[in-house]
Amino acid sequence: MKKILITGGAGFIGSHVVRHFVNKYPGYQIYNLDKLTYAGNLENLTDVDQKPNYHFIKADIEDAELIMDLFQREQFDGVIHLAAESHVDRSITNPLQFIHTNVLGTVHLLHAAKTIWHGHYEGKKFYQISTDEVYGALGDTGLFSETTPYNPHSPYSAAKASADHFVRAYHDTYGMPTVISNCSNNYGPNQFPEKLIPLFINNIKHNKPLPVYGQGLNVRDWLYVEDHVEAIDLIFHQAQPGSTYNIGGNNEWRNIDLIKKLIEIMDRKLGRPAGTSLSLITYVTDRAGHDLRYAIDASKIREELGWEPKVRFDEGFEKTVDWYLHNEEWFNHVTSGEYEEYYQKMYGNR
Ligand code: NAD
Ligand code: DAU
């Protein structure tokens, strides 16, 4: 019997992690702690929320006292920490929120775990889910490895980098059994439609302009969310304390090529003549500090833990589009209220 705290479990990746752990490990008690910000949605978990090994706690990781009481009461064996402000564009307009959640929130969790575990670390693990963005940007060649120095550029990636440094500090200073993984761009069902793929699916569907930042030449390495979850499971169970793993899809796309591929799929699925939605492409002012290229060397996790992506991009992308097209109700719920305000602020009346 293990008690696992998963933070941010109502968000995109977190909900897939929660579902995986609840279903695969009926002997574990899974505690999903989430503040339910605009990005957190319990509808993501309706298929598992009645299971006896699932528990939901609505709470804010910034609330140090509550977090300490919770650790005292529940005596968790492990923490998988995903709760974060995750959108780069929001971090540019509101950097302070990112420091509060991503840095301070992480330190409150670390501090509670250290206090309650009190040096008895046998069977314990604190797992920080991080991002490849902490490494900064690559030129046309090269890959991020686990030894690439941190060089974040956005308030989002600077806050994640800072949190990662605290996680390492708790390992190096207090001997806490921590692990960190740094993953590339995830795609799949349940991603909030502020991120490129679900935003553009929604806009194509409604014949709205597709705001391509700059010239669309930035490169991202896309990984299907369930492949990320498989990697998280392996790392949580097998990684040595103090270790770090990079996770990536070996699947680089220039934004503009990915967008054209998406248009091809969407036009086919919506019964529009091929190429109809190309006219929606609208080049807009580039994102400030926009990292040119991310790409991951995932050889360490492949060689040490035997992980590699299982979902081929063609298959995963098509499945993702189908999910958004068949889950209109989910889309309508998450895009009501605050979303409209956000969209107006970011993209005006386009
Ligand atoms: P998301 O924005 O979809 O979900 C974040 C979740 O955290 C939401 O459910 C939200 O309600 C919750 N949350 C936010 N602030 C909180 C607080 N103060 N207290 C408690 N809960 C809070 O994010 P995501 O895309 O699923 O990313 C999850 C994690 O994975 C993040 O740490 C992110 O940095 C990391 N990551 C994401 C990607 C990606 O491509 N999306 C890639 C690599 C790493
Ligand atoms: O690399 C991992 C990171 O991937 C995660 O840590 C972040 O949480 C996640 O949000 C994602 O960050 P990106 O900034 O790469 O993702 P986003 O979907 O916002 O943008 C992908 C690319 O598309 C990026 O180069 C910016 C561009 N873009 C994005 C939006 C929202 C556009 O051209 N237009 C848009 O409207």
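Reader: In which helix does asparagine 102 lie?

Author: This is a predicted model, in which local features need pLDDT of at least 70, side-chain atom pairs count only at pLDDT 80 or more, and totals for chains, interfaces and linings use all residues. Residues are numbered from 1 along each chain as its sequence is written, chains are lettered from A and ligands numbered from 1 in the order in which they are written, and side-chain values use heavy atoms, with hydrogens and water left out. Helices (H or I, at least four residues) and strands (E, at least two) are DSSP runs numbered from the N terminus. Asparagine 102 falls within residues 95-117, which form helix α4.

Reader: Is asparagine 102 buried or exposed?

Author: Residues are classed by relative accessible area with a 1.4 Å probe and protein chains only: buried is under 20%, exposed over 50%, and partly exposed in between. Asparagine 102 has a relative accessibility of 2%, so this residue counts as buried.

Reader: Which backbone nitrogen does the side chain of asparagine 102 reach?

Author: Contact means heavy atoms within 4.5 Å. Not counting residues up to four places away in sequence, asparagine 102 touches Ala84, Glu85, Tyr156, Ala159, Lys160 and Ala163. At 2.8 Å, its side chain reaches the backbone nitrogen of glutamate 85.

Reader: What is the C-alpha to C-alpha distance between aspartate 221 and alanine 295?

Author: Aspartate 221 belongs to strand β9 (residues 219-224) and, at 1% relative accessibility, counts as buried. Beyond its neighbours within four places in sequence, its contacts include Ser184, Asn185, Tyr294, Ala295 and Ile296. Aspartate 221 and alanine 295 are 74 residues apart in sequence, yet their C-alpha to C-alpha distance is 5.7 Å.

Reader: Which residue has its backbone nitrogen 3.1 Å from a polar atom of the side chain of aspartate 221?

Author: The contacts of aspartate 221 also include Gly248, Gly249, Asn250, Asn251 and Glu252. At 3.1 Å from a polar atom of the aspartate 221 side chain lies the backbone nitrogen of glycine 249.

Reader: Is asparagine 250 buried or exposed?

Author: Asparagine 250 sits in the loop between β10 (244-247) and β11 (252-254). Its phi is positive, near 50°, in a residue other than glycine. With 74% relative accessibility, asparagine 250 counts as exposed.

Reader: Is asparagine 190 buried or exposed?

Author: The loop between β7 (185-187) and α6 holds asparagine 190. Although not a glycine, asparagine 190 has a positive phi of about 75°. Its relative accessible area is 8%, so asparagine 190 is buried.

Reader: How many of the 10 residues of helix α6 are buried?

Author: Helix α6 covers residues 196-205 and is mostly covered. The buried residues of α6 include Ile197, Leu199, Phe200, Ile201 and Ile204. Just after α6, asparagine 207 takes a positive phi of about 55°. Of the 10 residues in α6, the number buried is nine.

Reader: What percentage of the 350 residues in the protein is buried?

Author: The protein has 12 helices and 12 strands, and its C-alpha trace spans about 65 × 45 × 40 Å along the principal axes. Among contacts between residues at least 6 apart in sequence, 83% join residues at least 24 apart. Of the 350 residues, the buried share is 58%.

Reader: What radius of gyration does the protein have?

Author: The radius is taken over C-alpha atoms, and the globule rule is 2.2 Å times the number of residues to the power 0.38. For 350 residues, a compact globule would have a radius of gyration near 20 Å, and the protein agrees with this, at 20 Å.

Note on methods. Polar contact = N/O pair within 3.5 Å; in protein donor to acceptor, adjacent residues only side chain to side chain.
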